[in-house]
Amino acid sequence: MKKSPLEASSFQMIFSDGDQVDLRALYDNDTTMGSTNMMYQGAPGAAGLIALVAQIGVHSSIVSSQREERLASLQDSANSQIQPLLNLTGGMQLSALLVPEHQPWLTTSLNPETDTLYIKPIFFSNTEMTQLSVKVVAWIPDPKGSKKQPDKYKNLIQVLNAPLSAEQRTQLISGDQAMLQSMLSDLLSTALEIAHGATTGKFANVQNTMKTYKLPNSDKNKVFRATHIADTCEHTIVRNLRQWLIAIPKASAEEDQLASQSADANQANADNTAAASAEGQCTAGV
């Protein structure tokens with residue numbers, strides 16, 4: 001797909017699922033099911049083969065239904081553990097989270113002759129309510145696209161905030177809606193800056209060395225390989241093997257580099273020094 005499908009001067013976006021803030025709890029999404037053994041029976045010949053295929057289809061549907069029910073149950077159970085935060089987002093709107101410089105990007109009407117970036121943000125909190133994040137699916141539909149490739153562009157953007165302090169967590173649980181709205185606004189703003197940069201060609205020619213990064217998540221850390229593409233004041237932005245764009249809190253990224261004894265760490269420090277020299281000072285944009 002095109003690496004820069006939109007022009008920066010005419011960039012516009014639309015929230016795909018309306019203006020309501022969607023906040024969910026993170027949970028272990030291991031969907032391994034217990035054994036659901038089934039004895040297949042079929043007579044010889046074509047008729048028996050058709051019957052066998054039908055039985056396999058029914059069994060597959062049963063397993064899929066069980067999996068979806070389990071996922072829904074896990075999500076409901078996890079959501080109950082972050083109820084104080086869910087109470088605060090009941091009437092919160094995405095448009096209210098936009099900073100002034102991003103408000104001109106938002107449109108509510110579509111022009112068939114102008115490409116618009118569809119945005120679907122989902123905010124997350126771990127069940128301990130100590131870390132917030134957002135995942136944004138961003139895509140540009142292609143009216144002439146095929147069933148296999150219906151979009152001109154599609155990607156996933158993930159932004160994680162640094163862990164909350166004990167004081168911040170207490171304030172949120174106590175009902176500080178203004179604080180939560182500010183935190184969600186920061187997450188969304190970073191994600192939108194990344195989406196803007198990705199679709200207008202800002203990261204198209206970045207060719208840095210692949211390094212190992214750690215994605216902090218409660219008591220579990222996911223290690224993955226990615227390429228450093230940009231920095232903000234608070235985040236290191238990388239592109240993983242799937243081309244997803246991930247913003248990691250600066251402290252976490254720096255700890256990974258210091259802990260590493262490989263050549264990757266030395267290259268990462270060189271990249272950061274070059275970036276700092278080019279920028280001159282820390283800026284909020286990417």
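Reply: Helix H4 covers residues 177-199, and at 1.5 Å a residue its 23 residues should span 33 Å, which agrees with the 32 Å between its end C-alpha atoms; the expected span is 1.5 Å times one less than the number of residues. Helices (H or I, at least four residues) and strands (E, at least two) are DSSP runs numbered from the N terminus. This is a predicted model, in which local features need a pLDDT of at least 70 and side-chain atom pairs count only at pLDDT 80 or more, while totals for chains, interfaces and linings use all residues. Residues are numbered from 1 along each chain as its sequence is written, and side-chain values use heavy atoms, with hydrogens and water left out.

Of the 23 residues of H4, 18 are buried, so the helix is largely enclosed by the rest of the structure; buried means under 20% relative accessible area, exposed over 50%, and partly exposed in between, with a 1.4 Å probe and protein chains only. Just after H4, Gly201 has a positive phi of about 90 degrees.

A side chain also reaches a backbone nitrogen at Asn126, in the loop between strand E3 (117-125) and strand E4 (132-141): the backbone nitrogen it reaches is that of Gln131, at 3.2 Å. Asn126 counts as buried because its relative accessibility is 2%.

Strand E9 (residues 245-249) is largely enclosed as well, since five of its five residues are buried. Leu245, Ala247 and Pro249 lie on one side and Ile246 and Ile248 on the other, so that both faces are covered. E9 pairs with strand E5 (residues 151-160) in the parallel sense over three bridges and runs antiparallel to strand E8 (residues 235-240), joined to that strand by five bridges; two strands pair if DSSP finds at least two bridges between them. Leu245 is the bridge partner of Ile157 and also of Arg239. E8 and E9 form a hairpin with four residues between them, and Gln243 in the turn has a positive phi of about 75 degrees. Arg242, in the loop between E8 and E9, is exposed at a relative accessible area of 60%.

Rings of Phe, Tyr and Trp (its six-membered ring) pair if their centres lie within 6.5 Å, with planes under 30 degrees apart counted as stacked, over 60 as edge-to-face and the rest as tilted. This rule gives three aromatic pairs. Among them, Phe11 and Trp105 are edge-to-face, because their ring centres are 5.0 Å apart and their planes stand at 70 degrees; the two residues are 94 residues apart, Phe11 in the segment before strand E1 (13-15) and Trp105 in the loop between helix H2 (83-88) and E3. Both Phe11 and Trp105 are buried. Tyr118 and Trp139 are stacked, because their centres are 5.6 Å apart and their planes at 25 degrees, and the pair links E3 to E4 across 21 residues.

As for confidence, pLDDT is the predictor's confidence in each residue, from 0 to 100; the chain averages 83, and 73% of the residues score at least 70.

Terms used. Polar contact = N/O pair within 3.5 Å; in protein donor to acceptor, adjacent residues only side chain to side chain.
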